[in-house]
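Mentor: Please take a first look at the structure below, and then ask me what stands behind each word that I use for it.

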Amino acid sequence: MASSSSSSSSAVNMDPDVALRLFEEGATLVLLGVPKGTELGIDCKSWQVGPLFRGVKMIPPGLHFLHYSSVNSPTCGNEIGPKTGVFLNLKPREILLANWDPKEEDLDFSASKNQEEVSRIRATLQELDPYLGPYPYEVMRKWVSLTDHLSEELANKLQPLSGRICAYCDVIPEIEFRHTEDRAEQPVNDTVCQSMKEGLNKLPKMKLREGTELRFSVIPEKTYPAGATPAEITQCSMDLSYALETVLKNYELQPLHILGELQFAFVCFLLGNVYEGFEHWKRLLALLCRSEETMGKRKQLFLDLITVLYHQLGEIPPDFFVDIVSQDNFLTSTLQDFFQFASGPGVDVTLRKRAEKFKAHLTKKFRWDFDADLDDCAPVVVELPEDVTMD
């Protein structure tokens, strides 16, 4: 998309029948005014756009992730801004129109609501065609494998109310001092801080701007039911099934949607550079992998989890991978627990065999030793609630 010749290369390499079908049925993103040098991508591929760029054509109908970062001019050092992403559910032959807002450095899709304007664009589509880059069909299979449990409905439920998934946090003070007299009443922090903690406590308390928060499922801090005995608390700390079943109540009718949430979080951090997505992916993965009782009851959920993980682990960038593996042995210890539970007597034989094959695949590909003793094999230390005592 940096030039008209390179933008047509993926269309040339495409199967002629597929190309014809997408030409006739594919959706079109018309993106006007996007500055030269902007990093822009759809699904698993991105480019630096050239001066002739006007959008993307021949997009397969369905859910897609458009992501982009503005770039400063060469005089300002060509610095790349934080990434913004938008989930779009495109219908056959749909035209979605957006104009670049230079002040906000963002795409404004409000023109898509103007049917007159969309009809005008449709009438001139043939003239626009040379300036539209074809959808990178070579990544379509990868994109589907990363989002096959993620529906439009689920993406809308999880994404911020603003519709924008941003790599940076848009924060505002918890208490806004709108007037000078309000600020004057606050203590003056002009003394030297004796510690980092003291310094942090003097900073104003911030919160995310309303409407910009990702709306992930809340994973309960307490992994045990109210009124649990010390023995039950210990059991629920080793087998997280109670906590997982609590989260699954969000998806009572479609429990496999929790895998859609796992995929949503993964796409947010892989393609959107959203660290919060990475953290939620880790928490959700730990919850799924350490739920022995649920594993015995929900075979299909865990068969599909193995498939989801197979595709995700093949896409994690090397720098993130080092983080995931080295940080508290997170991935190896989490998967070690999963394979241990999956080999238990109460687990369906199909799931057990699939888990064994997945374990062998990871051992061969990444040279991880899931049979080694990790620190996590030490006894679990459980903090009891204040009202529970050991008798």
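This is a predicted model: local features need pLDDT of at least 70, side-chain atom pairs count only at pLDDT 80 or more; totals for chains, interfaces and linings use all residues.

Trainee: Leaving aside its neighbours within four places in sequence, which residues is Leu-287 in contact with?

Mentor: Beyond those neighbours, Leu-287 touches Ile-219, Leu-240, Ala-243, Leu-244 and Val-247, where contact means heavy atoms within 4.5 Å. Residues are numbered from 1 along each chain as its sequence is written, and side-chain values use heavy atoms, with hydrogens and water left out.

Trainee: Why is Leu-287 called buried?

Mentor: The word buried is kept for residues under 20% relative accessible area, whereas exposed means over 50% and partly exposed lies in between (1.4 Å probe, protein chains only). Leu-287 has a relative accessible area of 4%, so it counts as buried. Leu-287 belongs to helix α13, residues 275-289, and helices are DSSP runs of H or I with at least four residues, just as strands are runs of E with at least two, numbered from the N terminus.

Trainee: What makes Ser-333 buried, and how far is its side chain from the backbone oxygen of Phe-330?

Mentor: Ser-333, which sits in helix α17 (residues 330-342), has a relative accessible area of 3% and is therefore buried. Its side chain comes to 3.2 Å from the backbone oxygen of Phe-330.

Trainee: How many strands form the open sheet, and in what order?

Mentor: Five strands form it, in the order β3-β2-β5-β6-β10, with antiparallel pairing. Two strands are said to pair if DSSP finds at least two bridges between them, and β3 (45-48) and β10 are the edge strands, each of which pairs on one side only.

Trainee: How do you know that β5 and β6 pair?

Mentor: Strand β5 (residues 62-69) and β6 are joined in the antiparallel sense by seven bridges, and since at least two are asked for, the word pair applies. Within this pairing, Leu-66 stands opposite Val-86 in β6. On β5 there is also a pairing with strand β2 (residues 39-42), antiparallel over four bridges, in which Glu-39 has Ser-69 in β5 as its bridge partner.

Trainee: What makes strand β6 mostly covered?

Mentor: Of the seven residues in β6 (residues 84-90), six are buried.

Trainee: Why does Arg-367 count as exposed?

Mentor: Arg-367 is found in the segment after α18 (349-366), and with 77% relative accessibility it is over the limit and therefore counts as exposed. Its phi is likewise positive, near 60°, in a residue other than glycine.

Trainee: What makes a space a cavity, and how many of 30 Å³ or more does a search of the whole structure find?

Mentor: On a 1 Å grid over the protein atoms alone, a cavity is a set of points where a 1.4 Å probe fits but cannot get out, and lining residues have an atom within 4 Å of a point. Grid points are joined across faces, edges and corners, and the volume is the space filled by probe spheres set on the points. The search finds one cavity of 30 Å³ or more; the largest cavity holds about 40 Å³ of space. Its lining includes Glu-39, Ser-69 and Lys-83, and β2 and β5 are the elements that give two or more residues to it.

Trainee: What is the average pLDDT of the protein chain?

Mentor: The average is 85, and 77% of the residues score at least 70. Over residues 2-12, however, pLDDT stays under 50.

Definitions and conventions:
A polar contact is a pair of N or O atoms within 3.5 Å; within protein, one must be able to donate a hydrogen and the other to accept it, and residues adjacent in sequence count only if both atoms are side-chain atoms. pLDDT is the predictor's confidence in each residue, from 0 to 100. On a 1 Å grid over the protein atoms alone, a cavity is a set of points where a 1.4 Å probe fits but cannot get out, and a pocket is an open set with protein on both sides within 12 Å along at least five of seven lines; lining residues have an atom within 4 Å of a point.
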